[in-house]
Amino acid sequence: MSHSAKPGETYYAHQFEDAAQSHESITLGMWIFLITEVMFFGGLFAAYTIYRAQYSAAFDEGSHMLDITLGCFNTVVLILSSLTMALAVRCAQLGKMTGALFNMVLTLGLGTVFLGVKAVEYTAKFQHGLVPGPNFAPHGVHSFGLELYYSLYFALTGMHAVHMIIGAVILMVIIGLTAKGKINKTYNSPIEIFGLYWHFVDIVWIFLFPLLYLLGRH
Amino acid sequence: MSGHVVPLRIYFGIFAALMLLTAATVWAAFQDFGILNTVVALGIAILKATLVILYFMHVRYSSGLVRISAVIGFVFLVLLIGYVAADVASRGWMPAPAPIQSAPLH
């Protein structure tokens, strides 16, 4: 099957020449997946760009209805979780598995806080009748554009939240495997590769925050 | 080998820069720059994303192949949004051709 690492040697599967080549292939593979993710969110961002241009007054009104404090808080939480994830990867690279474990648990906690705040925001949207569909409350000149704005708001933040939930589940598995010692000093690539995914989800939010909450505020 | 180990001060420095840029983008949102508001907001977001990609995602320390892969996704994203926007913006520049009249059926 695969080489079991000799003491002090990094694990790599048998098809690779050495650990460096293995690391390169794994990183490249993850980036190819992330390209497909960029294009996936790209379609939604393209739709947002077109409708923002066509219904700019309605979109400005929509961004005024979002809670900028919660949006800001979540941005800080998510960037902080990216830092703890980066620190977890660093610990794993140095073979400090306890540090990696600690930072991954912090990352999971911060991710959960983000999702909790998102749930609070979604609840308010449901209560105020801002969910597109037959019960959409706003009437007036901008109601059609507003419904488009909220469709895109739920599509974009919803897909982002789905990525966070999937990320949190994978992170729990990785934390479990690290605690059991299945991921260890000689085999730590899952932590590094998961880090790439988590940072990507952070980048999506870095664009969502100004586009949905900030534009049209002045 | 498991990649380049980035010094701690770089991670904390990047985190501080990301926090400052977040504050800057919130401040800028309440100023009236006219059309430039969108440019400033997107510019700051692109700068933040670049910092995350280069340092948190280690692309600065990665091989050429990984770097090209990281860039190419965003190149195609620009193509996607650019061509869709160009299509929508240029509709109506030229009149649509008149529908083809079919010959009477007898």
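**A loop residue and its surroundings**

Author: Let us start with His58(B), which lies in the loop between α2 (36-56) and α3 (64-90) of chain B. Please bear in mind that this is a predicted model.

Reader: Is His58(B) buried or exposed?

Author: The general idea is that a residue counts as buried when its relative accessible area is under 20%. His58(B) has a relative accessibility of 10%, so this residue counts as buried.

Reader: Which residues are in contact with His58(B), leaving aside its neighbours within four places in sequence?

Author: Both chains contribute to its surroundings. From chain A come Val89(A), Gln93(A) and Glu192(A), and from chain B come His4(B), Val6(B), Tyr11(B) and Ile53(B). With Tyr11(B) there is also a polar contact of 2.6 Å, formed between the two side chains.

Reader: How is the packing of two helices read, taking α1(B) and α2(B) as the case?

Author: One reads the distance between the axes and the angle at which they cross. The axes of α1(B) and α2(B) come within 10 Å, with a crossing of roughly 170°. Angles over 145 degrees count as roughly antiparallel, and these two helices are therefore roughly antiparallel to each other.

Reader: Which residues of α1(B) and α2(B) meet, and how are they divided by class?

Author: On the α1(B) side, the residues include Tyr11(B), Phe15(B), Leu18(B) and Thr22(B); on the α2(B) side, they include Ile44(B), Lys48(B), Leu51(B) and Tyr55(B). By class, this contact has 18 nonpolar, three polar and one charged residues.

Reader: What is the arrangement of α3(A) and α1(B), which belong to separate chains?

Author: Helix α3 (residues 68-93) of chain A and helix α1 (residues 8-29) of chain B have axes that come within 11 Å and cross at roughly 170°. That crossing makes α3(A) roughly antiparallel to α1(B). Its hand is right-handed. Among the residues making the contact are Cys72(A), Ile79(A), Leu83(A) and Arg90(A) of α3(A), together with Leu8(B), Tyr11(B), Phe15(B) and Met19(B) of α1(B). The classes here are 14 nonpolar, two polar and one charged residues.

Reader: Where does the side chain of Thr84(A) reach, and which residues is Thr84(A) in contact with beyond its neighbours within four places in sequence?

Author: Thr84(A) is placed in helix α3 of chain A and is buried, with a relative accessible area of 6%. Its side chain reaches the backbone oxygen of Ser81(A) at 2.8 Å. Beyond neighbours within four places in sequence, Thr84(A) is in contact with Asn103(A), Leu106(A), Thr107(A) and Leu110(A).

Reader: What is the secondary structure of chain A as a whole?

Author: Chain A comes to six helices and zero strands. The C-alpha trace spans about 70 × 30 × 30 Å along its principal axes. Of the 218 residues in chain A, 53% are buried. Among contacts between residues at least 6 apart in sequence, 77% join residues at least 24 apart.

How values were computed
Residues numbered from 1 in each chain as written. Chains lettered and ligands numbered in written order. Predicted model: local features only at pLDDT ≥ 70, side-chain atom pairs only at ≥ 80, totals over all residues. Heavy atoms only, no water. Axes fitted to C-alpha atoms, helices over the stretch in contact; angles between N-to-C directions. Helix = DSSP H or I, 4+ residues; strand = E, 2+ residues; numbered from the N terminus. Parallel < 35°, antiparallel > 145°, perpendicular 65-115°, else oblique. Left-handed = near helix turned anticlockwise from the far one by under 90°. Contact = heavy atoms within 4.5 Å. Nonpolar A, V, L, I, M, F, W, Y, C, P; charged D, E, K, R; others polar. Buried < 20%, exposed > 50% of the residue type's maximum accessible area, 1.4 Å probe, protein only. Polar contact = N/O pair within 3.5 Å; in protein donor to acceptor, adjacent residues only side chain to side chain.
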